Each structure stands twice: as C-alpha cells, then as structure tokens.
Amino acid sequence: MNKKQKNEKPSSIGSRAKRHYDDWANSMEVANIEPPMPDNMLMDLTNACNHACVFCGNPFQGRKTSRISNELAYRILDEAYDSGVREVGFYNAGDPFMHKQLPDFTSYAKSLGYSYIYISTNGALASPERLRNVINSGMDSIKFSINAGSKESYLKIHGKDDWEKVIDNLKYVSSYRKTLNRPLKLFVTCVVTKQIKDEIKELEKLVSPLVDEVQFFDFHDQIGQMTAIEPLMNVGIKDRSQRPTGVCSNPFNRIHITSEGYLALCCVDYNNYVAVEDLKTKSLQDAWYSPLFKEIRAKHLDGDLDGTLCAKCWFRSNEVYKPINSNLAVDIHQSDSDKKQISLFTERFGQISSAEDEN
C-alpha cells in the first residue's frame, strides 16, 4: 500500500471494502508472514447486542458477555497509534452503544490523533442524546444496520420492534450533522435475505435522502457458522463451492481486537476460534508478530487451512474445525448451533416448507 493510500480517508463503504479486500493483494509488501502494522483496527467494546438478528451469529455465541476494560482499551489504543494505526472502528460482534463509555473511548482516540473513528450499530440505542455525546467526542462515521424495509419484517429479522425508533434516530442524526462545522459520514447497510428482498427499494427510498450511501449485501453463512439457515435466507451465492480466489486479507491488513482483549484473525468469529493472542499478556506489536500469528499467516499463503474455521469460510470445508488457540476459544458443537438457528428461524417465520428446504 503506498503512502497516499495509507493516509487517504475512505469516502464510501465501497472504497473501504476495495482497499481492505482487493488492493492489498496487489502489494507484495503485506503478502508475507511479517506484514507491516496495518493502519486500521477494529476494537470490539462488547460482544453484547440488544438485538437478535436471525441471520447473525451473535445470538448463538457460546462466549459470556464481556466488555473491554478501560485500562486495556486505552493501552491498546496507545500501542496501536504508536505502531502507525490511524483508523479505529469501535465495534465487531456486539453493538457499540451497549458500552456506556463509547464517547470516552472516542474522545481518547481522537486526542491521540486517530484520523478516522467509526462505528456500526443497529441504531436502537442511538438516542439523540447519546448520538450527540458520541459525535461531539469526535466520531467521524456512523453506519446504521437496518435489515428490513418494513416494520413487520424488521421485527421478524431483528427480533425487536424498534423500526420506528431506529428510523427516528437516523432522521435525527441526519439533521444534527448539518449543525456541525466538520464532516460526519452517515451510512446505511442492509443484509438482503429472501424474506426482505422485495422491500429493499422501499428501504432505499426511505433512507437515501438521510445518508451518504446505502449498500445492500447478500446474506452469507458468516464464515461457515450459519450454514443451517443459509439455504433458507440466502439470495446470492447458489453454489456453495463458489469462493473468492487468492488469499484472505484479514490476517494481514487489519487488526481485530475482541471484547476480551484478544488479537484475532477476523471480524466474523463469535466463539474466538480465530483468536490468536491475549493482549492482557502481550503487547500489540509482540502479538502481531508472534510465532503463532506468523504460522497461521503462512498457512493462509500456502492454502493449508485444514482443521480451522478459516477453511470452512474460504474453502467451504465441511471438516471439523478446532480453535487456533484453544486457551482463548469457547468450545462449541456446530450441530447444537445449527439446531438453535433453525429453532429461531421457525419461531420468527414459521415452519420450514419443503420448497424452502430444497432451495
């Protein structure tokens, strides 16, 4: 990645995704087991969420609810900034507004010099007062995840009757940013499922005037953790053997911190099966270049991912997978998770028809 790319503020969700998933592969500088420290970090303040979206792995996680400690979060922010990180997202498995000190972390990061601070939220807890607090603390970008186009479908997908509240909160922040003397990016994303695919035009019509960009993403199996309901909800990938070519960028060009304070490979892991190092016992720099992290990067480069959750994601492997670091993971049985997924789906949408099951 050249200097211009590294210092360039992303202008859209699409440009961020391109930079993270596509551009990195063209740079031999990062495609090795000791890549430079990235300029971007995701820090999960908590794995708790106030919603239980039927397509999401969060409701089925085996981990206990945790919130990152102030001391650890500030230390990681310090170390990351000193190592060259300039962008930080305060979210991952949970909703950032579930942590009451979101404004404090935002303010601290901004005081260190972070140039781009961003969050993704379902928006139900993003009340006008809380939005003002976090924006006035220095937040640069807020993305609302709204995964339906009607009040009725929203309840079934999200599991909470918060449609009107979320839309009101989005309208408020859209209006409030006009009073600011600096830019504030606003986005809406929607995970498109079979159950709401006919509503996306209405959703886009409703929210487009309020934000900078609206993007729709097809539902997928969340790196192999939601395979039980993928056939019931997915409208995109028909052939499960279809996967991107090349090498996954996540272990090379972004830092992922769990709410327990673990350095992980990826942002889509609800049971810490791709957690690598515990930052309570190691510095961020030492963890990034640890023997175990270098070993798993080598496996990615060689395409030798057997027995890992990464293989289930990238190669659609059906083999049993084990944690990268068993000391950090919560032991789960995928079959139990599959049953819970089907149970929640039928609770929300009724019994599965034979036609749905076949598709």
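Modeller: Happy to! A pocket here is an open set of points on a 1 Å grid over the protein atoms alone, with protein on both sides within 12 Å along at least five of seven lines, and its lining residues have an atom within 4 Å of a point. Points are joined across faces, edges and corners, and a volume is the space filled by probe spheres set on them. This is a predicted model, in which local features need pLDDT of at least 70 and side-chain atom pairs pLDDT 80 or more, while totals for chains, interfaces and linings use all residues. Residues are numbered from 1 along each chain as its sequence is written, and side-chain values use heavy atoms, with hydrogens and water left out.

The second largest pocket holds about 210 Å³ of space. Its lining has 14 residues, and E319, V320, Y321, H333 and Q334 lie nearest the centre. By type, the lining divides into five nonpolar, four polar and five charged residues.

Now for the aromatic rings. The structure holds twelve aromatic pairs, meaning Phe, Tyr or Trp rings (for Trp, the six-membered ring) with centres within 6.5 Å; planes under 30 degrees apart are stacked, over 60 edge-to-face and the rest tilted. One of the pairs joins Y91 and Y118 edge-to-face, at 5.9 Å centre to centre with 70° between the planes. Y91 sits in the loop between β2 (87-89) and α4 (102-112) and Y118 in strand β3 (residues 116-121), so this pair ties together parts 27 residues apart in sequence. Y91 is buried, at 17% relative accessible area, and Y118 is buried too, at 6%; buried means under 20%, with a 1.4 Å probe and protein chains only. Another pair, W288 with F293, is tilted, at 5.3 Å centre to centre and 55° between the planes. W288 has a relative accessible area of 0%, and F293 is likewise buried at 0%. Y74, F90, F105 and Y108 form one aromatic cluster.

Last stop: S145. This serine lies in strand β4 (residues 141-145), a strand being a DSSP run of E of at least two residues. Because its relative accessibility is 18%, S145 counts as buried. Its side chain makes a polar contact (N or O atoms within 3.5 Å, one able to donate a hydrogen and the other to accept it) with the side chain of N147, at 3.1 Å. Leaving out residues up to four places away in sequence, S145 touches T121, N122, H158 and T189, where contact means heavy atoms within 4.5 Å.

Note on methods: Helices (H or I, at least four residues) and strands (E, at least two) are DSSP runs, numbered from the N terminus. Buried means under 20% relative accessible area, exposed over 50%, partly exposed in between (1.4 Å probe, protein chains only). On a 1 Å grid over the protein atoms alone, a cavity is a set of points where a 1.4 Å probe fits but cannot get out, and a pocket is an open set with protein on both sides within 12 Å along at least five of seven lines; lining residues have an atom within 4 Å of a point. Ala, Val, Leu, Ile, Met, Phe, Trp, Tyr, Cys and Pro count as nonpolar, Asp, Glu, Lys and Arg as charged, and the others, Gly among them, as polar.
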